[in-house]
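Subject: Structure handover and notes

Hello,

Here is the structure you asked to have passed on. My notes follow below it.

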Amino acid sequence: MLSNIGNTLLFLNILLGISIIYLSLQNLKNSKILISKKIYHICLFQSTFILICFFTLVSAFIISDFSIINVYENSHSLKPFFYKFSGTWGNHEGSLLLWVIILTIFSFLFLLYNKHHPKNYRIYSLIIQNVLILGFLFFLFFNSNPFSKVLPIPKEGLGLNPILQDPALAIHPPLLYIGFVGSSIYFSAAIASLLTNYSGKLFAQSIKNWVLISWSFQTLGILAGSVWAYYELGWGGFWFWDPVENASLLPWFAMSALLHSLIVLEKRNLLYFWVIVLCLLTFILSVTGTFLVRSGILNSVHTFANDPSRGVYILVFLSLMIFASVLLFFNKFKNTSYNLNSNSKETFILINNWFMIFYLITVLLGTVYPIFTEVLTDHKVSVGPPFYNTVIIPIVILFLLFMSVGPQIQWIKNKFYNLNLFFKILIGSIFINFSIVYLFKGYSLLSNFIIISAVFLVISSLVDLYKSYKKIKENYSRILSHLSFGFLILFIGLNYNFSIEKDFNLKLGEKKNFENYSVEFKDLRLEDFKNYKAVIGEFKIYNSEKNLNQFLYPEIRIYENPSTITYEASIRSGILKDYYITMSNIDRSDYYNIKFQKKPFMIWIWISVIFISLGGFLRLYQNAKKDY
Amino acid sequence: MRIKITIFFIIVNFNIVSAADSSVELNKVLKNLRCLICQGQSVADSNSEFAQTIKLVVQDQIADGKSEKEIYDFLVEKYGEWIVYKPPLNKVNSVLWLFPYLVFVIGGLLIFLLLKKRNNH
């Protein structure tokens with residue numbers, strides 16, 4: 001029943017997509033200034049239908065309708081309500097439906113909120129966006145249909161992979177999708193802009209809020225994924241440079257570059273073609289990321305549900321997209337003269353883009369390189385954290401310095417370089433760094449530079465904040481994001497250098513001492529929960545320096561549906577540090593393998609990222625206030 | 001003069017601070033090794049039997065006084081380059097290691113030329 005409703009709605013949406021394209025093409029021919037009301041109505045229907053379609057799937061998950069193969073494979077009647085709900089997008093088909101929803105809703109909203117832009121530009125954006133919608137709808141309907149039936153109807157579902165049953169991961173896909181699927185709208189707008197020669201400041205204004213939305217959500221989505229990896233995967237890190245993580249980072253680099261160069265286009269009417277390249281690149285990278293993740297071509301920690309036929313479809317679609325946009329771009333490209341001064345804000349924004357592209361290329365190359373070596377030379381290589389750290393970190397130091405200086409520079413031409421002030425800030429940062437070293441512990445030369453440059457950015461941003469406050473100049477959004485980025489790097493640096501990690505084996509009742517700590521294995525018990533059994537250990541952490549006791553309870557969980565064993569970390573989060581313990585059994589032995597970690601400032605890493613994205617939302621709010 | 005003194009102290013400080021000890025850290029080595037039978041986990045993070053074996057091997061090698069590089073070379077010879085997360089710089093991996101820097105240099109050059117062109121006007 002629900003399956004039929006869903007399929008009908010999907011089919012209707014395909015028809016609506018086709019009719020929007022048809023009517024839009026008709027509308028282009030007539031000479032009226034306004035877009036026909038009919039198109040608005042159909043777009044509204046399109047958005048409504050796809051939402052109903054989504055809620056149909058959600059209901060199928062909630063009432064556990066196992067006649068639908070997708071529900072059967074990914075849900076279970078005993079699963080908690082919240083995870084039945086979030087299970088809807090915890091699989092390939094459901095998440096693809098979410099993908100189409102965002103394409104559709106953004107298409108409608110973009111049409112609605114750009115009334116003062118020319119008709120042709122809006123119509124072309126709508127057409128391109130609907131071509132994308134149709135592309136993904138066909139894929140959804142014919143290859144990855146979330147409403148396919150299974151016969152005979154099973155009595156019980158197979159259950160959602162337990163490591164996906166987690167609140168951070170439940171919100172991770174929607175956030176990330178608003179981010180990188182949202183970038184589709186400026187992909188369409190960029191093509192429309194090339195087709196209709198609608199360039200310059202007005203074009204920048206029409207897309208800037210959409211870039212802000214996608215960038216802010218992408219930032220939050222990456223954060224949610226990272227938080228999940230921290231407490232679910234059990235290795236205590238928050239970034240592994242895993243291909244799937246990289247896939248979410250690549251569009252973020254492109255968006256960040258776009259976010260900055262768009263300001264130049266809006267204020268100075270420069271860099272138009274570069275902005276177009278970034279618009280096209282962001283969405284192309286998003287689709288590339290999806291291709292890499294869904295085709296199962298890469299070995300990754302979270303490859304979920306892969307199937308070669310999906311890969312082929314996405315790859316064909318992706319190639320067409322790239323081919324068409326490159327062709328159009330070079331057809332329209334004109335060599336424009338630039339008017340830049342070396343110490344102007346424009347130049348510093350270009351420098352931002354220069355670094356962003358460097359990060360992007362490095363991460364992209366590192367992610368796809370193993371595929372190429374394997375295909376071309378039959379040589380299997382792994383590209384992991386040490387590669388990225390070696391290549392990227394030294395460059396981050398320079399980047400942070402530019403990031404501190406850039407915002408202080410004026411547009412067009414800056415006559416006055418406040419070198420003295422920067423020198424003082426630099427001395428202050430170096431002083432703070434050495435205070436940390438002398439008071440606590442030394443670290444490598446590279447770490448010294450990282451901490452100095454991060455502190456430099458933090459102080460410069462604070463000075464900037466003070467100046468803004470005095471002059472009452474509305475630039476808090478940028479300062480907030482830059483300040484938080486400085487803090488992010490600072491806390492990551494401190495976290496990296498002041499972490500303690502110990503890996504040892506203990507028997508019940510035993511105790512392990514190291515540095516100022518002792519870890520005692522106090523108790524072990526078995527408990528039954530609604531959808532799993534758990535072996536729970538009790539550990540006493542004693543800090544002899546502060547005479548402080550903490551208790552942690554790591555678990556080994558045995559899930560029935562599907563039958564899986566997971567190792568749950570026990571984390572005691574604090575303002576200054578997290579304690580982190582995982583426990584795992586060793587075969588044929590009474591001993592348990594214990595991983596103990598002390599991770600300073602973890603919570604501040606998360607908070608910094610939240611504030612980076614809040615900067616984006618603040619700017620969005622300011623823009624909205626200005627417009628209405 | 002004051003600036004010179006400040007700079008002098010900074011240099012002295014760096015020399016003291018960066019005198020890191022030269023012993024090989026077990027955990028650091030284990031983090032740079034892939035657990036070959038796992039899905040994208042390092043040896044340090046995995047509990048599999050393979051990881052346990054490699055942990056012992058690396059421990060022994062460190063006890064024998066081998067350097068970090070010697071340990072990696074030994075494992076690469078035995079299991080192939082797939083095991084190390086930092087691909088060694090050789091003919092096959094040269095593009096991986098050099099291309100990012102090439103992009104960086106070209107990018108910098110482009111911006112420089114753009115500005116220079118303007119100054120000549």
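Which residue takes a positive phi in the hairpin of β9(A) and β10(A)? It is Arg588(A), with phi near 50°, and the hairpin has 6 residues between the strands.

Before the rest, some conventions. This is a predicted model, in which local features need pLDDT of at least 70 and side-chain atom pairs count only at pLDDT 80 or more, while totals for chains, interfaces and linings use all residues. Residues are numbered from 1 along each chain as its sequence is written, chains are lettered from A and ligands numbered from 1 in the order in which they are written, and side-chain values use heavy atoms, with hydrogens and water left out.

Strands around β9(A)

Helices (H or I, at least four residues) and strands (E, at least two) are DSSP runs, numbered from the N terminus. Two strands count as paired if DSSP finds at least two bridges between them. Buried means under 20% relative accessible area, exposed means over 50%, and partly exposed is in between (1.4 Å probe, protein chains only).

β9(A) pairs with strand β8 (residues 570-573) of chain A in the antiparallel sense, over 4 bridges. Ser570(A) stands opposite Ile581(A) there, and a hairpin of 3 residues joins β8(A) to β9(A). β9(A) also runs antiparallel to strand β10 (residues 592-600) of chain A, with 9 bridges joining them. In that pairing Asn585(A) faces Tyr592(A).

Helix α18(A)

Helix α18 of chain A (residues 602-627) has 26 residues and reaches 39 Å from its first C-alpha to its last, close to the expected 38 Å. The expected span is 1.5 Å times one less than the number of residues. Its buried residues include Met602(A), Trp606(A), Ile612(A), Gly615(A), Gly616(A) and Asn623(A). Among the elements that cover the buried residues are α9 (201-232), α17 (476-498), β9 and β10 of chain A.

Salt bridges

A salt bridge here is a side-chain nitrogen of Lys or Arg within 4 Å of a carboxyl oxygen of Asp or Glu. The whole structure has 11 of them over all chains.

Arg557(A) and Glu568(A) form one, with the closest N and O atoms 3.9 Å apart. The pair links distant parts of the chain, 11 residues apart: Arg557(A) is in strand β6 (residues 555-559) of chain A and Glu568(A) in strand β7 (residues 564-568) of chain A. Both residues are buried.

In chain B, Glu68(B) meets Lys28(B) at 3.4 Å, N to O. These two are 40 residues apart, with Glu68(B) in helix α4 (residues 68-79) of chain B and Lys28(B) in helix α2 (residues 26-31) of chain B. Glu68(B) counts as partly exposed because its relative accessibility is 23%, and Lys28(B) does so at 39%.

Salt bridges with shared partners join Asp523(A), Arg525(A) and Glu527(A) into one network. Within it, Arg525(A) and Glu527(A) meet at 3.0 Å, N to O. Arg525(A) is partly exposed at 32% relative accessible area, and Glu527(A) is partly exposed at 29%.

Surface patch on chain B

Val95(B), Phe99(B), Leu102(B), Ile106(B) and Leu110(B) make a nonpolar surface patch of about 450 Å². Patches are made of residues with over 30% relative accessible area and no salt bridge; like charges are joined within 9 Å and nonpolar side chains (Val, Leu, Ile, Met, Phe, Trp, Tyr) within 5 Å. Areas come from the Shrake-Rupley method with a 1.4 Å probe, and for residues only the protein chains shown count as cover. Val95(B) lies in helix α5 (residues 94-120) of chain B and is partly exposed, at 44% relative accessibility.

Regards

Conventions: Contact = heavy atoms within 4.5 Å.
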